[in-house]
Amino acid sequence: MSQDNFGFGDTVPLNQPPASRSFFKTLTHPIATVFHIFFKALALVVYLFSGTLGGGSFIFTFIICILALSFDFWTVKNITGRLMVGLRWWNETREDGSSEWVFESADESKQVNQIEALIFWTTLYIAPCIWVLCALSSFLRLNANWLVVTLVGISLTGANVIGYQKCAKDAKGKLNSYAQSYITDTFFRRAGNILPL
């Protein structure tokens with residue numbers, strides 16, 4: 001049997017990397033990808049298992065969840081979005097008190113790793129959905145303390161969803177306008193070369 005073809009029950013040779021190591025080799029930014037998932041998962045795990053972790057203390061769970069959600073919000077907004085999908089957003093307040101959304105997108109020459117993009121968008125959309133389910137559960141159990149934690153989860157993960165939706169829409173608009181101007185310029189340049197002066 002060759003080194004590359006393993007049957008059921010065969011052992012992997014020692015020089016063969018484990019599947020997890022080879023998966024991480026497919027990622028362009030493996031550390032950013034891990035932290036993109038880690039803080040979301042930490043907040044949810046601490047919330048869901050709050051009765052067994054920390055002796056069931058609401059204060060302990062509240063602090064850990066809020067810290068993990070805050071770290072997740074900042075990491076996704078400032079680091080993983082830029083590295084994994086080439087997008088970044090923020091909100092600026094003008095002197096008159098109005099706010100303005102500002103969007104950044106990488107140039108068209110930057111290649112986005114499709115696996116990282118899938119992980120980014122999937123976890124970005126799933127996290128607020130899970131927090132909404134947790135909020136409904138807290139509401140139905142009439143548990144106001146835990147409802148506060150879930151509302152913070154919804155607001156922080158939801159803010160990133162809204163920001164990145166707007167940012168992706170802005171990036172597509174810029175790409176479309178760039179493509180249209182390129183096509184128009186090329187058409188008129190070629191038309192000018194064909195027509196005698």
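User: Before we look at anything, what is a nonpolar core?
Analyst: A nonpolar core is a set of buried Ala, Val, Leu, Ile, Met, Phe, Trp, Tyr and Cys residues joined through side-chain atoms within 4.5 Å. Please keep in mind that the model discussed here is a predicted one.

User: Which residues touch the most other members of the largest nonpolar core?
Analyst: They are Leu 87, Phe 120, Leu 124 and Tyr 164, in a core of 15 residues. At least two residues of this core come from each of these elements: helix H3, strand S1 (87-93), helix H4 (114-140) and helix H5 (144-194).

User: And what lies apart from that core?
Analyst: Another core, of 11 residues, lies apart from it, and its members include Ala 43, Leu 69, Trp 131 and Cys 134. As a general point, nonpolar side chains tend to be buried together in soluble globular proteins.

User: Let me step back. How many helices and strands does the protein have?
Analyst: The protein has 5 helices and 2 strands. Read from the N terminus on, the elements follow the order α-α-α-β-β-α-α.

User: What share of the residues is buried?
Analyst: Of the 197 residues, 28% count as buried. As for contacts between residues at least 6 apart in sequence, 67% of them join residues at least 24 apart.

User: Now the helices. How is a pair of packed helices described?
Analyst: Two numbers are used: the angle between the two axes and the distance between them.

User: What are those values for H2 and H3?
Analyst: The axes of H2 (residues 30-48) and H3 (residues 58-85) come within 8 Å, and they cross at roughly 160°. Angles over 145 degrees count as roughly antiparallel, so H2 is roughly antiparallel to H3. Their crossing is left-handed.

User: Which residues make that contact?
Analyst: On the H2 side they include Phe 35, Phe 39, Leu 42 and Val 46, and on the H3 side they include Ile 64, Cys 65, Ala 68 and Phe 71. By class, the contact of H2 with H3 consists of 15 nonpolar, 5 polar and 2 charged residues.

User: How does H2 pack with H4?
Analyst: The angle between H2 and H4 is about 10°, and their axes are 11 Å apart. Angles under 35 degrees count as roughly parallel, and H2 is therefore roughly parallel to H4.

User: Who meets whom there?
Analyst: Among the H2 residues are Ile 37, Ala 43, Leu 44 and Tyr 47, and they belong to a group that meets H4 residues including Ile 119, Phe 120, Leu 124 and Trp 131. This contact of H2 with H4 has 13 nonpolar, 4 polar and 2 charged residues.

User: That leaves H3 with H4. At what angle do they cross?
Analyst: H3 and H4 cross at roughly 155°, with axes that come within 10 Å. The two helices are therefore roughly antiparallel to each other. The crossing of H3 past H4 is left-handed.

User: Which residues are involved in this one?
Analyst: H3 contributes residues including Leu 69, Val 76, Leu 83 and Met 84, while H4 contributes residues including Ile 119, Phe 120, Leu 124 and Trp 131. The contact of H3 with H4 divides into 11 nonpolar, 2 polar and 1 charged residues.

User: What does Thr 26 contact, neighbours within four places in sequence aside?
Analyst: Thr 26 is in contact with Asn 113 and Ile 115. The C-alpha atoms of Thr 26 and Gln 114 are separated by 9.8 Å, although the two residues are 88 residues apart along the chain.

User: And Asn 91, where is that?
Analyst: Asn 91 belongs to strand S1, and it is partly exposed, with a relative accessible area of 36%. Leaving aside neighbours within four places in sequence, Asn 91 is in contact with Ser 99, Glu 100 and Trp 101.

User: Last one: is Leu 142 buried or exposed?
Analyst: Leu 142 is exposed, with a relative accessible area of 75%. Leu 142 lies in the loop between H4 and H5. Its phi is near 55°, a positive value in a residue other than glycine.

Technical notes: Residues numbered from 1 in each chain as written. Predicted model: local features only at pLDDT ≥ 70, side-chain atom pairs only at ≥ 80, totals over all residues. Heavy atoms only, no water. Axes fitted to C-alpha atoms, helices over the stretch in contact; angles between N-to-C directions. Helix = DSSP H or I, 4+ residues; strand = E, 2+ residues; numbered from the N terminus. Parallel < 35°, antiparallel > 145°, perpendicular 65-115°, else oblique. Left-handed = near helix turned anticlockwise from the far one by under 90°. Contact = heavy atoms within 4.5 Å. Nonpolar A, V, L, I, M, F, W, Y, C, P; charged D, E, K, R; others polar. Buried < 20%, exposed > 50% of the residue type's maximum accessible area, 1.4 Å probe, protein only.
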